[in-house]
Amino acid sequence: MPVTQIREITPASRLENVRYAIRDLACIADEVARQGHKILPLNIGDPLNFDFQTPAHMIEAVYRAMRDGKNGYSPSSGIKEALDAIRGEAARKGISNIQDVFVTSGVSETVDICLAALLNPGDNLLTPCPDYPLYSAVLAKFEIGLNAYYLNEEDGWQPDLDDIRKKITPRTRGIVLINPNNPTGSVCTRQMLEEIAELARRHNLIVFADEIYDKLIIDDDPHVAMAAVAPDLPVITFGGLSKNYLAPGWRVGWGIASGEASVIKPYLEGVNKLLRARLCANHPEQYAIKPALEGPQDHLVEVKRKLRSRRDLTMKWCAETARVSCVAPRGAFYAYPRIDIPEGDDVFVTELIRQKYVTVVHGSGFGQRPGTKHFRIVFLPDEKTLSAAYSAIGDFMRERYA
Ligand SMILES: Cc1ncc(COP(=O)(O)O)c(C=O)c1O
């Protein structure tokens, strides 16, 4: 008779604070779908779920790489032709003083490695509130408490500089800036970047500039890279193929490290230790980086045309709907309307899925100022799907809060 294990295997207690509202909600949506209802998904920022396709020349490059036998491990930092192309792209964005470039399995892995290489127990990192929940999930995994600074809704969701100043402590090691922002769609002004750089200099902070949406600026204003306004400052700029190049499933991201060599080099040795420990990023997919960055950019014209039309439809609905107000998004594909309702926004979104089969994500899943309530819309679906979703949300609100 074999011995059977009877004690349950429990997860580490540090995981209690790991949350990822965007995917957690999918469980409720799955339950509703199993009951036979068609879900209108406005919750996951994956363009490939909608009418967007990965550019064909990138697919061809990966196919060719696989056929040519590029199926072993790559160097830990990435293949040379991709690293050269990323440096070239950084130079076009005005980033100089580059000290290192490395390719990872999506920006998700860049974040994991860059935070792991920096933070000791008791340290803290400034992260935006609201923020993309990856950052708080990774910090929770490392048992680092949150030190969130507010984005200011009254100022078009620009970072609240006074709040940042208040939150810097002797153990603050860095600041995360998501620009264009998820979930608000805001884009930082050059002046804001300069002011944050000045604070970072004064307090010896490294800046993690998450610029994964930098080519998805809806109204054609320029995107200014943080590293370009502060070449002296230690900055890691995050970018990748998931959003700008419509290939999220390939899991290709990168980090560009810039700043004074003497200041950033010791940290980069730590980053490289972790890059080596995890072997490498997906190898054949790295062959799409050079064709993506240096090849035709035609898809961006089409993507931005669709995003502009869908953003405008979203803003029209927000303006016409009672209890809803919204700062117009200027980049990425998210809107973060504020709602004036007598219950929690988590209840709002769960009931909305159950009653109208529309999935959005509650503001409390991203963080927000106490007393305010929001939800995040992914406005990637086509106009017909979006209109159906907005009409259902409008009905829901009228029926529930009349
Ligand atoms: C701001 C931000 N950073 C990083 C990521 C993750 O990107 P990747 O697919 O490269 O891991 C996302 C994905 O939605 C994001 O919105």
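Visitor: At what distance does an N or O atom in the side chain of Asn-182 lie from an oxygen atom of the ligand?

Guide: A polar contact is a pair of N or O atoms within 3.5 Å; within protein, one atom must be able to donate a hydrogen and the other to accept it, and residues adjacent in sequence count only if both atoms are side-chain atoms. For Asn-182, the distance from a side-chain N or O atom to a ligand oxygen atom is 2.8 Å. The side chain of Lys-243 also places an N or O atom 2.8 Å from an oxygen atom of the ligand. With Val-107 the backbone takes part: one of its N or O atoms lies 2.6 Å from a ligand oxygen atom. The protein buries 94% of the 400 Å² that the ligand exposes when taken alone; such areas come from the Shrake-Rupley method with a 1.4 Å probe, and for residues only the protein chains shown count as cover.

Visitor: What are these values based on?

Guide: The model is predicted: local features need pLDDT of at least 70, side-chain atom pairs count only at pLDDT 80 or more, and totals for chains, interfaces and linings use all residues. Side-chain values use heavy atoms, without hydrogens and water, and residues are numbered from 1 along each chain as its sequence is written.

Visitor: How many residues surround the ligand, and which helix gives the largest share of that shell?

Guide: A residue belongs to the shell if one of its heavy atoms lies within 4 Å of the molecule. Here 13 residues surround the ligand, and the closest are Val-107, Ser-108, Asp-210, Tyr-213 and Arg-251. Helix α4 (residues 106–116) supplies the largest share, 3 residues. Helices (H or I, at least four residues) and strands (E, at least two) are DSSP runs, numbered from the N terminus. By class the shell holds 6 nonpolar, 4 polar and 3 charged residues. In this scheme Ala, Val, Leu, Ile, Met, Phe, Trp, Tyr, Cys and Pro are nonpolar, Asp, Glu, Lys and Arg are charged, and the others, including Gly, are polar.

Visitor: Is Asn-181 buried or exposed?

Guide: Buried means under 20% relative accessible area, exposed means over 50%, and partly exposed is in between (1.4 Å probe, protein chains only). Asn-181 counts as buried because its relative accessibility is 2%. Its place is the loop between β6 (172–178) and α7 (190–202). The side chains of Asn-181 and Thr-184 form a polar contact of 2.9 Å. Apart from residues up to four places away in sequence, Asn-181 touches Leu-151, Ser-186, Ala-332 and Tyr-334; contact means heavy atoms within 4.5 Å.

Visitor: What is the phi of Ala-332?

Guide: Ala-332 has a positive phi, near 60 degrees, in a residue other than glycine. Ala-332 sits in the loop between β10 (324–325) and β11 (334–335), and it is buried, with a relative accessible area of 0%. Leu-279, also not a glycine, has a positive phi near 70 degrees. Leu-279 lies in the loop between α9 (261–277) and α10 (289–294) and is partly exposed, at 42%.

Visitor: What span should helix α12 have?

Guide: The expected span of a helix is 1.5 Å times one less than its number of residues. For the 12 residues of α12 (residues 345–356) that gives 16 Å, and the end C-alpha atoms are 16 Å apart, which agrees. An α-helix has 3.6 residues a turn, so residues three or four places apart point the same way. The buried residues of α12 are Asp-345, Phe-348, Val-349, Thr-350, Leu-352 and Ile-353. Tyr-357, with a positive phi near 60 degrees, follows α12.

Visitor: Which residues does Arg-173 contact beyond four places in sequence?

Guide: Among them are Leu-118, Asn-204 and Ile-206. Arg-173 is in strand β6 and counts as partly exposed at 30% relative accessibility. Its side chain makes a polar contact of 3.0 Å with that of Asp-123. Ile-206, in strand β7 (residues 206–210), is buried at 6% relative accessibility.
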